[in-house]
Amino acid sequence: MKPAPFTYHRARSAEDAARLLAELGDEAKLLAGGQSLIAMMNYRLARPRHLVDIGSLPASEGLTGFRHSPDGLRIGALTTHHAVETADEAQLGAGFAVLRDAMRWVGHLPIRTRGTVGGSIAHGDSTAEWCLLAVLLDARIVARGPRGTRTITAGDFFYGFFSTALEPDELITELVFPHPAPHAALTEFAERKGDFGIVVAAVDLDVENGAVRGGRVALGGVAPAPVRVPEAEEALARGGPDDVLFAACAEAAAAAIDPPGDGNGSAQYRRILTRRLVIQACEEAMSR
Ligand SMILES: Cc1cc2nc3c(=O)[nH]c(=O)nc-3n(C[C@H](O)[C@H](O)[C@H](O)COP(=O)(O)OP(=O)(O)OC[C@H]3O[C@@H](n4cnc5c(N)ncnc54)[C@H](O)[C@@H]3O)c2cc1C
């Protein structure tokens with residue numbers, strides 16, 4: 001299929017993009033890597049009258065790459081999944097390898113070379129790796145619009161099914177990860193390599209002297225938005241031998257969720273996946 005007619009606008013700067021969005025109103029959509037939006041337009045699930053292309057903004061606009069600041073690791077919205085996948089420790093900083101390692105789960109290489117961090121976050125798919133990592137690691141999303149720049153914590157950003165706190169006239173400029181997560185891991189199960197995961201699990205363990213003292217647990221594919229699971233985090237805080245602790249954490253996670261059932265799997269199947277994937281994520285995180 002082909003998209004409905006639209007007018008193409010090429011933004012020359014982030015400011016230009018923000019101005020165009022404000023001028024064109026609700027009928028306009030930003031185009032970054034195009035890996036979600038173009039597919040939606042081809043299926044006529046999205047029919048924007050105007051596309052504002054930010055995909056070719058120069059690096060001098062500051063929307064691409066990694067920066068280290070007192071607030072944490074800042075990743076520009078136009079940074080591609082592949083740039084993160086191939087980043088070294090000097091670029092990412094110690095304790096952020098989970099971001100790099102999680103990228104192998106995002107689609108296929110051609111998708112990763114064009115798709116962007118900001119596009120993933122704005123798209124707000126509950127099983128998208130970036131959305132889950134943001135929720136797990138308390139990331140902050142920086143958005144620029146006609147009312148100025150604001151920062152939204154990931155916990156307040158994802159409302160529900162492809163729905164976020166972003167206003168139609170706002171542009172995500174960067175993502176801030178406030179703390180290193182040296183014992184974090186993300187894993188998932190998809191029917192075929194490169195598909196979106198049916199369930200995605202991510203954990204970030206607090207480890208002291210080789211023992212788990214607590215941690216964070218996030219799941220995708222079990223609710224309309226990516227979620228943290230406080231019951232599983234409470235289980236982790238109780239401590240104990242790793243195998244017993246991880247099994248208790250997984251059991252608590254599976255019991256706490258009320259997953260949907262659809263063509264990709266029943267609610268019960270998603271619970272079984274959750275149990276297995278949480279243990280797997282805990283084991284991977286611990287082995288770092
Ligand atoms: C076959 C296939 C498999 C895939 N598998 C996965 C997967 O396993 N995991 C996964 O996470 N993703 C997957 N994707 C999606 C891919 O990661 C996309 O890159 C991503 O979802 C969107 O990024 P983009 O830069 O392509 O955004 P676009 O498609 O250009 O835009 C997506 C949406 O975000 C908005 N937007 C883009 N940039 C910004 C910004 N800076 N500020 C505000 N709004 C913005 C657009 O207006 C649009 O609404 C897959 C895609 C395909 C085609």
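Strand β11 (residues 184–189) is mostly covered, with 5 of its 6 residues buried; buried means under 20% relative accessible area with a 1.4 Å probe and protein chains only. Strands here, like helices, are DSSP runs numbered from the N terminus, a strand (E) having at least two residues and a helix (H or I) at least four. β11 is joined to strand β12 (residues 199–208) by 6 bridges, and the two run antiparallel. Opposite A185 stands V203 in β12. Two strands count as paired if DSSP finds at least two bridges between them.

The model is predicted: local features need pLDDT of at least 70, side-chain atom pairs count only at pLDDT 80 or more, and totals for chains, interfaces and linings use all residues. Residues are numbered from 1 along each chain as its sequence is written, and side-chain values use heavy atoms, with hydrogens and water left out.

An open sheet is formed by 3 strands in the order β1-β3-β2, with parallel pairing. β1 and β2 are the edge strands, each pairing on one side only. Neighbouring strands of this sheet are turned by 25 degrees against each other on average, direction ignored. Between β1 and β3, which run parallel, there are 4 bridges, and T7 stands opposite H50 in β3.

Helix α1 lies across β1, β2 and β3 and runs at about 170 degrees to β3. Such angles run from 0 to 180 degrees between N-to-C directions, and axes are lines fitted to C-alpha atoms, for helices over the stretch in contact; contact means heavy atoms within 4.5 Å. In α1 (residues 14–24), the buried residues are A14, D16, A17, A18, L20 and L21. Their cover includes β1 (7–10), β2 (28–31), β3 (50–53), β6 (140–145) and β10 (171–177). Just after α1, G25 takes a positive phi of about 70 degrees.

The ligand has 31 residues around it, of which L30, S36, L37, T116 and E129 come nearest; a residue counts if one of its heavy atoms lies within 4 Å. β2, α7 (117–123) and β10 each supply at least two residues of this shell, and the largest share, 4 residues, comes from α7.

| Backbone polar atom of | Distance to a ligand oxygen atom |
|---|---|
| G33 | 2.8 Å |
| G107 | 3.2 Å |

Taken alone, the ligand exposes 960 Å², and the protein buries 89% of that; accessible areas come from the Shrake-Rupley method with a 1.4 Å probe.

How values were computed: Buried < 20%, exposed > 50% of the residue type's maximum accessible area, 1.4 Å probe, protein only. Polar contact = N/O pair within 3.5 Å; in protein donor to acceptor, adjacent residues only side chain to side chain.
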